[in-house]
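Have a look at the picture first, then read on.

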Amino acid sequence: MNPRILIVGAGPAGLAAAVSLRLQGVPVTVVDKAAAPHTHPKAVVLWPRALEIFERLGVADGLVAAGHPLTGQHYHSNGTRVASMTFRRLRHTKYKYALAIPQHTTERVLRDRLTALGGSIRTHTELIGLRQDAETVTTTLADLGSGTTSDETYDWVIGADGVHSSVRAATGIDFVGQTYEQTFLLSDGPCDTGLATDSAHYFMTDTGVLVMVPLPDRQWRAFISAPREIPEGEALVDTVARVVTQRSPVPVRFLDGHAAGRFRIHRKAAERVWQDRVFLVGDAAHAHSPAGAQGINTGVEDATSLAWRLGGICRTPVSTAESGRLFTRWADERHQVVENVLRDTDLQTRLWGVRGVRRRLRDVVLYGAERTGLLDRVVIPRQTQITQRYEPAPGQGRPKAVGVLRSHARLPNVEIPTGGGGTHLHDLLPTTEPITLEFDPTGTPGHPTKVRHLAAVGGTGPDTVSLSGPALRSALGISRRVTCVVRPDGIVAALAPDTAPGKGESTS
Ligand SMILES: Cc1cc2nc3c(=O)[nH]c(=O)nc-3n(C[C@H](O)[C@H](O)[C@H](O)COP(=O)(O)OP(=O)(O)OC[C@H]3O[C@@H](n4cnc5c(N)ncnc54)[C@H](O)[C@@H]3O)c2cc1C
């Protein structure tokens, strides 16, 4: 195996792709036009689904150690609390919290992991041209230090080069959508405030929105929609500090050491994320409002769900038709996710800014949704991406469901009691290959679940982990044998119930 893969961009999406490929033993070249890692304030929230992916990349512990857990979020309208949501009621995940962590720390942890796996980044190296034929991609790379350029040939190129992607432009793929009129400002740094440090706080006011997110090391992210008027010459950080005191009902005083930024937001998606030998992941493929904090989370998922497929065909070459089928499916799945993310983040951004009757209606709906438990049952699992599920591809038939297991959906990370304590289902999944999980809930009540690993016969096909014992009945809600094939990204590819459904089980 000697595939040549170029990853353009060492942001979170490019690094996640690089780590995932290196874990499969696949060599990669990573280039980034920046001379050194940035420390700008960017994304600050990782959701449970991203943490599960990071666990599979071997970086979750490092991130959790460097981050700050958030157990909920509170919404205020013109100074009155209208709704709160908690992550503590999330089911079937180890991560019943969101992790607040500056993006540059997430990138540092990923870079360290890449280095430990033998990878590296060619910094100060910019992709300035790209053309492809049926067999290869020829790239033109500029060494920004020496001012020289060179042509390099690769088998595959992953464009993880952000919202202004050169890979996307050079491939002739349009970035379709709009840019919002509103400008946003943010500032990260220490604050003197009585706001609770275990939650994010949203303050929606008639003059604009303020979001306060506690960060590690007693720092805060203050995020605001820009005020209508900014006095000439006012420093950005002073504007943010001034607006924060106007919009927060709880006093917030900025202390020294803030880093501020200004940005416009978009609602855009690449027309295609795959063209022959070139792929787009992360912001190169989609750009949306930071409402709901989906950017980094979705980008990492794009990258890792591509990497296991690309890694697989590098390790075991397949026909062009078969690789086309794999990448069509990847592109289709990402399209489904991105459509939802664009819709949800757009709705949330619009709801921040409504006034008058519509504001009162929004507040009543939010209040009611909290009271009926809808926010915790539906909104939070969707926002944290753990209810992720795909429409089946043509010919895959209707989705199946048995107990808590669903085909084409994330494998719930249920804890199964075993003799030596417990095991989470995700701990059984290999990082590079699909695996078959066989669940048999028969056995003597009170006996712990037996877990047996069986290697594939002759080394072909997925290995099998067989779990048996009556505790599976309550843990998974199953009353008969069930077999699942689970992909390396934790999605159930196939689900085969052995017999007719038991009471309470559905096959829809
Ligand atoms: C101010 C701000 C606040 C944000 N807040 C949030 C938030 O709260 N939550 C959230 O989820 N998201 C947020 N985002 C979005 C989030 O930062 C992005 O979704 C995320 O950075 C995307 O990661 P990426 O790896 O796709 O691209 P990027 O992080 O943009 O990385 C792209 C990399 O490619 C390199 N590059 C670009 N062009 C080339 C080239 N031609 N050749 C070589 N290298 C190149 C760049 O130097 C960069 O390192 C925010 C963004 C900004 C700017």
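## Before we start

One definition comes first: a residue is called buried when its relative accessible area is under 20%, exposed when it is over 50%, and partly exposed in between, using a 1.4 Å probe and protein chains only. Keep that handy for N78, which is partly exposed with a relative accessible area of 34%.

This is a predicted model, where local features need pLDDT of at least 70, side-chain atom pairs count only at pLDDT 80 or more, and totals for chains, interfaces and linings use all residues. Residues are numbered from 1 along each chain as its sequence is written, and side-chain values use heavy atoms, leaving out hydrogens and water.

## The big picture

The protein contains 11 helices and 30 strands. Here helices (H or I, at least four residues) and strands (E, at least two) are DSSP runs, numbered from the N terminus. Along the principal axes, the C-alpha atoms fill a box of roughly 75 × 60 × 40 Å.

How does the radius of gyration agree with that of a compact globule? For 508 residues such a globule would have a value near 23 Å, and the protein has 24 Å, which agrees. The radius is taken over C-alpha atoms, and the globule rule is 2.2 Å times the number of residues to the power 0.38.

Of the 508 residues, 55% count as buried. The protein exposes about 22,400 Å², and carbon and sulfur atoms supply 52% of that area. Such areas come from the Shrake-Rupley method with a 1.4 Å probe; for residues, only the protein chains shown count as cover.

Next, contacts: two residues are in contact when they have heavy atoms within 4.5 Å. Among contacts between residues at least 6 apart in sequence, 71% join residues at least 24 apart.

In soluble globular proteins, nonpolar side chains tend to be buried together. A nonpolar core here is a set of buried Ala, Val, Leu, Ile, Met, Phe, Trp, Tyr and Cys residues joined through side-chain atoms within 4.5 Å. The largest core has 66 residues, and I5, I7, F54, V157 and I158 touch the most other members. Helix α7 (residues 295-315) supplies the largest share of this core, with 8 residues. Apart from it lies another core, of 31 residues, among them W47, L215, L366 and I380.

What does I5 touch, not counting residues up to four places away in sequence? The list includes L21, V26, P27 and V28, along with Y154, W156, I158, L310 and C314.

## A helix on the inside

Helix α2 (residues 48-57) has 9 of its 10 residues buried, so it is largely enclosed by the rest of the structure. Those buried residues are P48, R49, A50, L51, E52, I53, F54, R56 and L57. They pack against α1 (12-23), β3 (45-46), α3 (60-66), β7 (98-100), α4 (103-116) and α7. After α2 comes G58, whose phi is positive, near 80 degrees.

L141 sits in strand β10 (residues 137-143) and is buried, with a relative accessible area of 1%. Leaving aside neighbours within four places in sequence, its contacts include L6, V31, R122 and Y154. L141 and G189 are 48 residues apart in sequence and 37 Å apart in space, C-alpha to C-alpha.

H201 belongs to strand β14 (residues 199-205) and is buried too, at a relative accessible area of 4%. G72 is 129 residues away along the chain, yet the C-alpha atoms of H201 and G72 are separated by 8.9 Å. Then there's L411, found in the loop between β23 (405-406) and β24 (415-418). Is L411 buried or exposed? At 0% relative accessibility, it counts as buried. Residues that L411 touches, beyond four places in sequence, include L405, L425, H426 and V492.

## Two positive phi values

Most residues other than glycine have a negative phi. Now back to N78, in the loop between β5 (72-77) and β6 (80-86): its phi is positive, near 45 degrees. A293 also has a positive phi, near 50 degrees. A293 lies in the loop between β21 (286-287) and α7, and it is partly exposed, with a relative accessible area of 24%.
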